[in-house]
Amino acid sequence: MTNMLILGPPGSGKGTQAEQIAARLGIPAISTGEMFRAHVDAATPLGLEARKYLDEGNFVPDSVTNAMVRERLHNPDAGGGFLLDGYPRNTKQLEVLDGILASLGTRLDLALQLTAEDGELVERMLSRARISGRSDDTEDVIRHRLEVYYRQTEPVAAAYAGRGILLQVDGDGDIGTVTERIVAAMRGTGLEL
Ligand code: ADP
């Protein structure tokens, strides 16, 4: 059983890789960004609240995000392992996640960080915008999301590095190449795959 998460700058492909890796491990990929977008599309009260933050590339308030993740991780399908994508994004969320996992009698095994150059990230998001039309994929919002990532989420990666559970993988290359790189790096940790 593997409890893991993936982090990386916006545009690093973590959502795509999360799906690939979770499928291999037979565990659910839990993406907070996807959960928020589903709420926005369904115009739920949470979606109406979250929308203004998403559109501006800001974090949804921790109180909303933490409650959503807590509920999701209590779902029985997460009991056999999970791959969190997009959470925690700041050190407060990291502390909350520790508490949620402790109350479930479990803990995190691995934090996988995808790395990529800023220029490449901006380019990928702009081309994704032309295809998917995601409301937060405009150049100004993209640059803002990158800034927020370096300021708030890098310290999360540093904290996991301090615990000895951070695994960094280069996110440059096509989807299959990066997946194989992740699988090879994970094998090196001795975690089951
Ligand atoms: P990306 O990594 O490309 O920014 P995501 O789908 O992971 O895309 O996230 C999209 C947006 O969803 C974020 O910009 C933010 O507004 C919101 N969001 C996702 N996860 C969190 C989180 N853990 N805390 C607060 N807001 C979040």
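**Ligand site and pockets**

1. The side chain of Q93 has an N or O atom 2.9 Å from a nitrogen atom of the ligand. Of the accessible area of 550 Å² that the ligand has on its own, the protein covers 96%; areas are from the Shrake-Rupley method with a 1.4 Å probe. A polar contact here is a pair of N or O atoms within 3.5 Å.

2. The model is predicted: local features need pLDDT of at least 70 and side-chain atom pairs pLDDT 80 or more, while totals for chains, interfaces and linings use all residues. Residues are numbered from 1 along each chain as its sequence is written, and side-chain values use heavy atoms, with hydrogens and water left out.

3. The shell around the ligand holds 20 residues, and T32, R37, N58, G86 and R145 are the closest. A residue counts as near if one of its heavy atoms lies within 4 Å. By class the shell has six nonpolar, seven polar and seven charged residues, where Ala, Val, Leu, Ile, Met, Phe, Trp, Tyr, Cys and Pro are nonpolar, Asp, Glu, Lys and Arg are charged, and the others, Gly among them, are polar. The largest share, four residues, comes from α2; helices (H or I, at least four residues) and strands (E, at least two) are DSSP runs numbered from the N terminus.

4. Where does the ligand sit? The ligand is in the largest pocket, in the sense that more than half of its atoms lie within 2 Å of the pocket's grid points. A pocket is an open set of points on a 1 Å grid over the protein atoms alone, with protein on both sides within 12 Å along at least five of seven lines; lining residues have an atom within 4 Å of a point.

5. The largest pocket has a volume of about 1100 Å³, the volume being the space filled by probe spheres set on the points. Its lining has 48 residues, with K14, R37, R89, R128 and R134 nearest the centre. Elements giving two or more residues to this lining include β1 (3-7), α6 (118-132) and α7 (139-163). α1 gives the most, six residues. By class, 18 lining residues are nonpolar, 18 polar and 12 charged.

6. The second largest pocket holds about 150 Å³. Its lining includes R37, R51, R134 and D136, and by class has two nonpolar, one polar and six charged residues. α2 and α3 each supply at least two of the lining residues.

7. Two backbone details may be checked by eye. Y87 and P88 are joined by a cis peptide bond, with omega about 0 degrees; P88 is in the loop between β3 (82-85) and α5 (91-103). A43, in the loop between α2 and α3, is a residue other than glycine with a positive phi, near 50 degrees.

Terms used
On a 1 Å grid over the protein atoms alone, a cavity is a set of points where a 1.4 Å probe fits but cannot get out, and a pocket is an open set with protein on both sides within 12 Å along at least five of seven lines; lining residues have an atom within 4 Å of a point. A polar contact is a pair of N or O atoms within 3.5 Å; within protein, one must be able to donate a hydrogen and the other to accept it, and residues adjacent in sequence count only if both atoms are side-chain atoms.
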